[in-house]
Amino acid sequence: MGKVQTYRDLASFFRNASGFLLGAEFENNLFWEVIQKLQESGKSAWSGNVFHKGEISLSSLILPSGYLLLSKGNRDALIRLAHYGKSKKWKIQGVTGPEKSVLSFASVWLEGVKEAPLDKKEFMIYSTSCISFLKGRKPTLLKVVEPSSWPRAQAWTTLYANEADPPLESSSLVSMTRSMMLKGNLFLLRKEGVGACAMGGFGRATPRSFVINEVFVPKELRGRGYGKELISGLVGQAAAKGKRDCILFSDYGGPNNLYDRLGFKKIVKFCEQSF
């Protein structure tokens, strides 16, 4: 079923795994952010690849939160990794990644467990080609958020966190938003006679894509098309910064999803399963 290869450091892991991860860049987009943050903090983490016939068929690492991050991979490799983890007596809190990867791993990991898993969160990963999206469209002009505008951005970030279902931990989100601002990756949509009416930006990147984060329109301004204009502007910004695609996560599964209407492609369900 394959060999599990572990690594002494993240640099060695990523040198081996990066090409494989890039083959499913959208599904595996979290790896680039996680590895960058771990390396910047100097923290270590278990990391490993499952090989089959000399080729990587799965990549994974254990996050500081105790969750196992999985790449897109085949079922045999995921089953092999689950058995490996059991043999090493891993004490993981849960698993996160593309839904098929999570379900295959969990089916083995939870064998014999009587209690149901504590919690499961699901998101849809969407993507769009910047060139295709902008064809025939004039991208909306956005304003980069400057430090002088931080109080508004901070307040909107807190509202965004509180409105999420379930609510997000606001202090962590505010910290990420501030980092986006300092990198020049946080933007406001401004309309004449209205002022600032929407906010969004790029929270992380892969080699060829930006991940759109925190698309927010205040309640009193919703239903006027500002979200659509903001997304258009963000795709334009991504293209101007040399990115080929945009990726985003959406936890809204109901009808009339904004990203469906804008022509974004559904890539895969992404989920987080706690144990």
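Start with helix 2: select residues 30-41 in this predicted model. The helix has 12 residues. From first C-alpha to last it reaches 17 Å, close to the 16 Å expected at 1.5 Å a residue.

Now colour its buried positions. These are Leu30, Phe31, Trp32, Glu33, Val34, Ile35 and Leu38. An α-helix has 3.6 residues a turn, so residues three or four places apart point the same way. Next, show what covers the buried residues of helix 2. The cover includes helix 1 (10-22), along with strand 3 (55-62) and strand 4 (67-70). It also includes strand 9 (195-205) and strand 12 (265-274).

Step just past the end of helix 2 and pick glycine 42. Its phi is positive, at about 80 degrees.

Go on to serine 47, in strand 2 (residues 47-52). Is serine 47 buried or exposed? Its relative accessibility is 1%, so it counts as buried. Select its contacts beyond four places in sequence. On one stretch of numbering lie Gln5, Thr6, Tyr7, Asp9, Leu10 and Phe13; Ser60 and Leu61 complete the set.

Select strand 4 and strand 5 (residues 94-98). They pair in the parallel sense, over 3 bridges. For one of the partners, click tyrosine 67: its bridge partner in strand 5 is glycine 94.

Finish at serine 71, in the loop between strand 4 and helix 3 (75-87). Why does serine 71 count as buried? Because its relative accessible area is 0%, and the cut-off for buried is under 20%. Which backbone atom lies 2.9 Å from a polar atom of the serine 71 side chain? The backbone nitrogen of serine 59. Leaving aside neighbours within four places in sequence, serine 71 also has contacts with Phe20, Leu21, Asn28, Phe31, Leu58, Pro98 and Ser101, as well as with Ser59 itself. Phe31 brings the tour back to helix 2, where it is one of the buried residues.

Terms used:
Residues numbered from 1 in each chain as written. Predicted model: local features only at pLDDT ≥ 70, side-chain atom pairs only at ≥ 80, totals over all residues. Heavy atoms only, no water. Helix = DSSP H or I, 4+ residues; strand = E, 2+ residues; numbered from the N terminus. Buried < 20%, exposed > 50% of the residue type's maximum accessible area, 1.4 Å probe, protein only. Contact = heavy atoms within 4.5 Å. Expected span 1.5 Å × (residues − 1). Polar contact = N/O pair within 3.5 Å; in protein donor to acceptor, adjacent residues only side chain to side chain. Pairing = 2+ DSSP bridges.
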